[in-house]
Amino acid sequence: MGKISSYRDLKVWQLAIDISVACYEVTKTLPREETYGLTSQIRRACASVAANIAEGYGRENRGSFVQFLRIAQGSLKELETHLIIAGRVGLIQPAILSELLDQCDENGKMLGALIRTVQRKKVDEQVRG
């Protein structure tokens, strides 16, 4: 694994960006009457995941980083919910929905692992301290 010198080096952030790009592409196909409904909600939630990872990393404090990673997890669950609703009302094709939800699941696992790693390092430092 290479050196992490920026949030942009984090695989979890990179996947969140990929999901955002995919969501923006999907929402381009939604009806105009959804512009201020699901389109807006999906776009805000997907962008929030990557943005919170970046903001937390930028705080340069482990506690704040974990807090923002948890906010990113919440935004990811919000995104999944909006995508499921869009799928159930027939606005997103089942195959596309499944792929997006699989990516969200992977991103969620990565977020959880990163939270555990950051918390473990904090505990290790306190024990050694």
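**Entry 1: H2 and H3**

I began with H2 and H3, which are therefore roughly antiparallel to each other (angles under 35 degrees count as roughly parallel, over 145 as roughly antiparallel, 65 to 115 as roughly perpendicular, the rest as oblique). Their axes cross at roughly 160 degrees and come within 8 Å. Axes here are lines fitted to C-alpha atoms, for helices over the stretch in contact, with angles from 0 to 180 degrees between N-to-C directions. Helices are DSSP runs of H or I with at least four residues, strands are E runs of at least two, and both are numbered from the N terminus. I noted the crossing of H2 and H3 as left-handed (near helix turned anticlockwise from the far one by less than a right angle; clockwise would be right-handed). By class, the contact of H2 with H3 has 17 nonpolar, seven polar and two charged residues. Nonpolar covers Ala, Val, Leu, Ile, Met, Phe, Trp, Tyr, Cys and Pro; charged covers Asp, Glu, Lys and Arg; the others, Gly among them, are polar.

**Entry 2: ground rules**

I am reading a predicted model, where local features need pLDDT of at least 70 and side-chain atom pairs count only at pLDDT 80 or more, while totals for chains, interfaces and linings use all residues. Residues are numbered from 1 along each chain as its sequence is written, and side-chain values use heavy atoms, with hydrogens and water left out.

**Entry 3: H1 and H2**

Next I looked up H1 (residues 11–27) against H2 (residues 38–58): they pack at about 165 degrees, axes 9 Å apart. That makes H1 roughly antiparallel to H2. Their crossing is left-handed. From H1, the residues that meet H2 include Trp13, Ile17 and Tyr24; on the H2 side I listed Ile42, Cys46, Val49 and Ile53 among them. Contact means heavy atoms within 4.5 Å. The contact of H1 with H2 has 13 nonpolar, three polar and one charged residues.

**Entry 4: two residues of H3**

Which residues does serine 75 touch? I find Ala45, Ser48, Val49 and Asn52, leaving aside neighbours within four places in sequence. Serine 75 is in H3 and counts as buried at 6% relative accessibility (buried is under 20% relative accessible area, exposed over 50%, partly exposed in between; 1.4 Å probe, protein chains only). I also took its C-alpha to C-alpha distance to alanine 50: 9.4 Å, across 25 residues of sequence.

Histidine 82 is in H3 too (residues 62–88). Its relative accessible area is 13%, so I file histidine 82 as buried. Not counting residues up to four places away in sequence, histidine 82 touches Leu38, Gln41, Ile42 and Ala45.

**Entry 5: aromatic pairs**

How many aromatic pairs does the structure hold? I count two. Tyrosine 7 and tryptophan 13 have ring centres 5.2 Å apart and planes at 75 degrees, so I call the pair edge-to-face. The rule: rings of Phe, Tyr and Trp (its six-membered ring) pair if centres lie within 6.5 Å; planes under 30 degrees apart are stacked, over 60 edge-to-face, the rest tilted. Tyrosine 7 is partly exposed at 26%; tryptophan 13 is buried at 16%.

Tyrosine 57 and phenylalanine 65 form the other pair, with centres 5.9 Å apart and planes at 85 degrees, so this pair is edge-to-face. Tyrosine 57 is partly exposed at 25%, and phenylalanine 65 is buried at 10%.

**Entry 6: the H2–H3 loop**

Last, I checked glutamate 60, in the loop between H2 and H3. Its phi is positive, about 55 degrees, although glutamate 60 is not a glycine. At 75% relative accessibility, glutamate 60 counts as exposed.
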